[in-house]
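Here is a friendly briefing to read with the model open beside you. Take the topics one at a time and find each residue as you go.

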Amino acid sequence: PETVVTEHGEIRYTWRTDVGRIRKNNQDTVILGKVLFGVADGMGGHNGGEIASAGLRDGLLRETEGQEPSMELLEEAVKKVNYEIWEQQEKDASLTGMGTTLTVLWAAGKEMIIGQVGDSRAYLIRDGQMKQVTSDHSMVADMVRRGVLTEEQAACHTMRNYITRAVGTDDT
């Protein structure tokens with residue numbers, strides 16, 4: 001793992017991306033700022049997923065650079081960059097349908113601000129225990145939350161990769 005030293009201690013991070021079994025290109029983009037870390041995973045099977053994920057990375061780094069971390073600022077940055085990505089595909093028909101998931105952590109002193117859209121996950125690892133701290137925005141995850149499916153049924157459901165939210169797929 002890499003380590004960043006902040007004014008309140010160390011943050012250790014690592015990442016791994018994988019093209020998967022079906023796609024020919026990896027649409028994952030790692031987001032690494034001074035205290036902003038994340039992943040944008042372009043929507044596989046859609047045009048321009050790698051453009052959406054790279055655009056999200058670049059836009060978030062631009063919008064947060066030199067700013068004091070806050071939930072409000074992160075939300076506004078994601079909204080602004082979402083609109084930019086959506087507008088890009090509105091102007092270029094070859095990018096129609098492009099979008100990306102997002103999971104980002106912004107270190108704010110002793111607290112961590114986590115933003116998430118889609119089904120890329122954030123986990124907290126502490127004292128040898130791993131805990132998922134985000135909730136997937138997907139049809140199957142919604143069905144599990146409503147009690148329609150069990151976790152075991154969800155793991156092999158044919159629609160487990162259908163997400164209900166993504167960055168860039170709509171103007172808001």
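Let's begin with helix 2, which covers residues 71-91: its 21 residues should span 30 Å at 1.5 Å a residue, and its end C-alpha atoms are 30 Å apart, which agrees. The expected span of a helix is 1.5 Å times one less than its number of residues. Helices (H or I, at least four residues) and strands (E, at least two) are DSSP runs, numbered from the N terminus.

This is a predicted model, in which local features need pLDDT of at least 70, side-chain atom pairs count only at pLDDT 80 or more, and totals for chains, interfaces and linings use all residues. Residues are numbered from 1 along each chain as its sequence is written, and side-chain values use heavy atoms, with hydrogens and water left out.

- Buried means under 20% relative accessible area, exposed means over 50%, and partly exposed lies in between (1.4 Å probe, protein chains only).
- Leu74, Ala77, Val78, Val81, Asn82, Ile85, Trp86 and Gln89 are the buried residues of helix 2.
- They cover an arc of only 160 degrees around the axis, so they sit on the same side of helix 2; the arc is that of the directions from the helix axis to the C-beta atoms.
- Look at the other side of helix 2 and you will find Glu72, Lys79, Glu90 and Lys91 exposed.
- The cover over the buried residues of helix 2 includes helix 1 (49-64), strand 5 (100-108) and strand 6 (111-117), where contact means heavy atoms within 4.5 Å.

- A pair of aromatic rings is described by the distance of the centres and the angle of the planes.
- Rings of Phe, Tyr and Trp (its six-membered ring) pair if their centres lie within 6.5 Å; planes under 30 degrees apart count as stacked, over 60 as edge-to-face and the rest as tilted.
- By this rule the model has 1 aromatic pair.
- Tyr83 and Trp86 make up this tilted pair, with 5.5 Å from centre to centre and 40 degrees between the planes.
- Tyr83 and Trp86 are 3 residues apart in helix 2, so about one helical turn separates them.
- Tyr83 is partly exposed because its relative accessible area is 36%, while Trp86 counts as buried at 19% relative accessibility.

**Helix 1 and its neighbours**

- Helix 1 has 16 residues and reaches 22 Å from its first C-alpha to its last, close to the 22 Å expected at 1.5 Å a residue.
- Its buried residues include Ala52, Leu56 and Leu60.
- The buried residues of helix 1 pack against strand 3 (28-32), strand 4 (36-42), helix 2 and strand 5.
- After helix 1 comes Gly66, with a positive phi near 75 degrees.

**A strand hairpin**

- Strand 3 and strand 4 run antiparallel and are joined by 5 bridges; two strands pair if DSSP finds at least two bridges between them.
- These two strands form a hairpin with 3 residues between them, and Asp28 stands opposite Asp41 in strand 4.

- Thr101 lies in strand 5 and counts as buried because its relative accessibility is 3%.
- Asp136 sits in the loop between strand 8 (129-132) and helix 3 (139-145), and at 10% relative accessibility Asp136 counts as buried.
- The side chain of Asp136 makes a polar contact of 2.8 Å with that of Arg121.

Technical notes: Polar contact = N/O pair within 3.5 Å; in protein donor to acceptor, adjacent residues only side chain to side chain.
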